[in-house]
Amino acid sequence: MATADRSDKLTDSACLSLSADPGTPVCGVSTELLLESLSDMDVKIHNNSPEHVLVEPTTLMKNRTCSIHKEVLKYYCYEDAVCLCVSCGQNGKHEGHQVEPLEKASQKMKEKLRAVLQKLTSDGKEIEKRTRSLEDHKTEIQGEEDRMREMVTVLFNNLREQLDTQGKRVLSEISRQKDKKNRQVSDQIRQLEIQKKMLSTKILHIEDICSKMDPSTILEGWEWKKAGNVAQTGHHKDRRRSKGACTWGYLDEGHVTVTLHQVLAGIMTRVRVGRCVPEASGISLDENTAGDYVVLSRDSKTASWSQINQKRLETPERFCFYQVLSTRGFSSGQHYWEVDTSSSGNWMLGMAYPSIDRKGHQAFLGFSDKSWCLGLRHKDYSLMHNSKGKPLKSDSPLQRLGIYLDYEAGRLSFYQLSDPIRHLHTFGAAFSEPLHAAFFVEHEGWVKITS
């Protein structure tokens, strides 16, 4: 009869018995506090009950009791991130806090951790994808080097032995650019590999937590707020960077072309390199666009500022101030020309669409989306496009400049013709109209087309 009473007691209360003696089975149904091991009879009774599940006791079972009240931990407080017994919940310390049964809180935490695990796994796949993209980019850079090496080699073979020294100089520049770009790409790959290792460590850690059976181990071993923060880490900046155009860049073909023109100055009046890059020898300035205080030279190659009003006929094409466009525009291909500039006064040079305004603020070079320029104003060099300026530092006056246009690639580059040649800046754009050379001169400033 006593056994029957005991059976009814255990079955009716659906208790959780925690074994004080490791090795004795305990019942996993947790509703009543019962700190005793199950006897053989108890085991038979619980085995016969479909609602009861017996589990092997572990040394972690002691963590299921309150260290203060020695009662079974039944609840979890989200605000304090601790497991509670019934007495803890009644002492008022956790009054008003969000409290849930331990099993329910454990399941919620597992769901959150699985979501974080899925996010980290997805991030790992994205890193692998971007790593492959970087490797492909290195292959493309190698292809660029091969093509440009062939271009330069053919040219200097045609010019025979007297140009060998200069040819090696150009090839060295290409190799330097390739090495620089490869270093940048390799650095990116190394950073991604580091991120991947970090993600793998976090994934293993979370997988280990999720494999635990004991709810308190899961909840106390991994704070739920921390789990949310993990999903925010990673490479979101790199992902934004990967959208759209490639950010690592290719070899500067413009720099190579400018170097070639310098090398061949005085030997050839026209150099055809690779895809036939001509000097823009046909550039001359259009007097119909020149403002009244701009003086043009007789050969229409030089624009100078003048205090004297030239009193030109007013036309829709004419600027109302110190500016002028070239007669020729470029709507395709690659082109290069050189200019000399004054060391004082104000000047700007670049390219503009023929639809640029002739009056008002947006008519100035660089003050709309229809013009790109480099200039000297008030003794400071700067770059301008669409009213956005960028200071340009230079240790020496920019008095000899090379301009390189690759229309299809959408690149307009400026170079200082020093030794060595210095790349100043490259504007990138999807050009939609023919581009004309454009000059602004003011207060003793002048610009001269030399080739």
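The model is predicted: local features need pLDDT of at least 70, side-chain atom pairs count only at pLDDT 80 or more, and totals for chains, interfaces and linings use all residues. Residues are numbered from 1 along each chain as its sequence is written, and side-chain values use heavy atoms, with hydrogens and water left out.

I looked up the surface next. The protein chain exposes about 24100 Å², by the Shrake-Rupley method with a 1.4 Å probe. Carbon and sulfur atoms supply 50% of that area.

I then listed the secondary structure: nine helices and 20 strands. These are DSSP runs numbered from the N terminus (helices H or I, at least four residues; strands E, at least two).

**Seven-stranded sheet.** I read the order as β8-β9-β20-β11-β16-β17-β18, an open sheet with antiparallel pairing. Two strands pair if DSSP finds at least two bridges between them. β8 (294–296) and β18 (422–428) are the edges; each has a single partner strand, so one side of each lacks a neighbour in the sheet. The twist averages 25° from one strand to the next. Axes here are lines fitted to C-alpha atoms, for helices over the stretch in contact, and angles run from 0 to 180 degrees between N-to-C directions.

I checked β17 (residues 411–416): six bridges join it to β18, antiparallel. Phenylalanine 414 has histidine 425 of β18 as its bridge partner. Helix α9 (residues 253–263) packs on this sheet and touches β11 (334–341), β16 (400–406), β17 and β18. Contact means heavy atoms within 4.5 Å. The direction of α9 makes about 60° with that of β11.

**Six-stranded sheet.** This one is also open and antiparallel, in the order β10-β19-β12-β13-β14-β15. β10 (323–330) and β15 (388–391) stand at its edges. Its twist averages 15° from one strand to the next. I counted four bridges between β14 (residues 380–385) and β15. Histidine 385 stands opposite lysine 388 in β15.

**Glutamate 79.** I found this residue in the loop between β5 (75–77) and β6 (82–84). Glutamate 79 is partly exposed, at 42% relative accessible area. What does glutamate 79 touch, not counting residues up to four places away in sequence? The answer is His97 and Gln98. A polar atom of the glutamate 79 side chain lies 2.8 Å from the backbone nitrogen of glutamine 98.

Definitions and conventions: Buried < 20%, exposed > 50% of the residue type's maximum accessible area, 1.4 Å probe, protein only. Polar contact = N/O pair within 3.5 Å; in protein donor to acceptor, adjacent residues only side chain to side chain.
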